[in-house]
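Dear colleague,

I am passing on a structure that you have not seen before, and I would be glad if you could look it over alongside the notes that follow it.

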Amino acid sequence: MHKHSKDSHKNEKPSRVKKWAKELVYMILIVGIVSYAMDFYHSAKLPAGTALPISGMTVQGEFIDVIEQSKSGEPVIVYFWATWCGACKFVSPTINWFANDHQVVTVALSSGEDERVRRFLSAKEYDFPVLNDATGNLNRDWKISVTPTIVIIKDGEIKHTSTGVTTPWGLWFRTLFV
């Protein structure tokens, strides 16, 4: 009888693992669906079609014109973020990594003066170019309601928008289809 109870415990383990795996798959699906729905809801307010102008001097002292950059044959990833944004803590490292091999322009929203943004970039060791939207004009023009927001522009056209947290794989996947 003792041996029988050991055997029954051995049989329970695979079913317990299967149960947890099944629960994990359901959770991933639910989170994915909710994330997609939230992204769809927030992205609906953003401009579509022809991209609005984004140009100016970066906090690094370089002039950038996103529309002109987007006509080089490679898409431009435009990242709207803020120094105070909690979700941006997870996305900014991905953007910084992408800036090594892709055209990336970032727009700091409501993040203070240029010097404050430069100190933030230095402290986090971020190298991506930043247009500081200290006046809020780009924020208003683009109707940004969620940070982070990512817009992919190619040939002056908005090809993709995304709000909230994204992974390196998610961003890479989005750039493949523009």
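At 34% relative accessibility, Arg118 counts as partly exposed, a label given to residues between buried (under 20% relative accessible area) and exposed (over 50%), with a 1.4 Å probe and protein chains only. Please bear in mind that this is a predicted model, in which local features need pLDDT of at least 70 and side-chain atom pairs count only at pLDDT 80 or more, while totals for chains, interfaces and linings use all residues. Residues are numbered from 1 along each chain as its sequence is written, and side-chain values use heavy atoms, with hydrogens and water left out.

Arg118 joins Glu115 in a salt bridge with an N to O distance of 3.2 Å, the term requiring a side-chain nitrogen of Lys or Arg within 4 Å of a carboxyl oxygen of Asp or Glu. Both residues belong to helix H4 (residues 114-124), where they sit 3 residues apart, about one turn of the helix; helices (H or I, at least four residues) and strands (E, at least two) are DSSP runs numbered from the N terminus. Glu115 is likewise partly exposed, at 40%. The count of salt bridges comes to 2, and Lys71 forms one with Glu68, with 3.9 Å between the closest N and O atoms. Lys71 is partly exposed at 48%, and Glu68 is partly exposed at 49%.

There is 1 disulfide by the rule used, which asks for a pair of cysteine sulfur atoms within 2.5 Å. Cys85 and Cys88 form it, with their sulfur atoms 2.4 Å apart, and both cysteines are buried. The torsion about their S-S bond is about 85°, so the disulfide is right-handed.

The buried residues of H3 pack against E4, E5, E7 and H6, where contact means heavy atoms within 4.5 Å. Among the buried residues of H3 are Val91, Ile95 and Phe98.

The peptide bond from Thr147 to Pro148 is cis, with omega near -5°, and Pro148 lies in the loop between helix H5 (137-142) and E7. Ser110, a residue other than glycine, has a positive phi near 45°; Ser110 is in the loop between E5 and H4 and is exposed, with a relative accessible area of 51%. Asp155, also not a glycine, has a positive phi of about 55° and is found in the loop between E7 and strand E8 (157-163). By way of background, most residues other than glycine have a negative phi, and most peptide bonds are trans.

With kind regards
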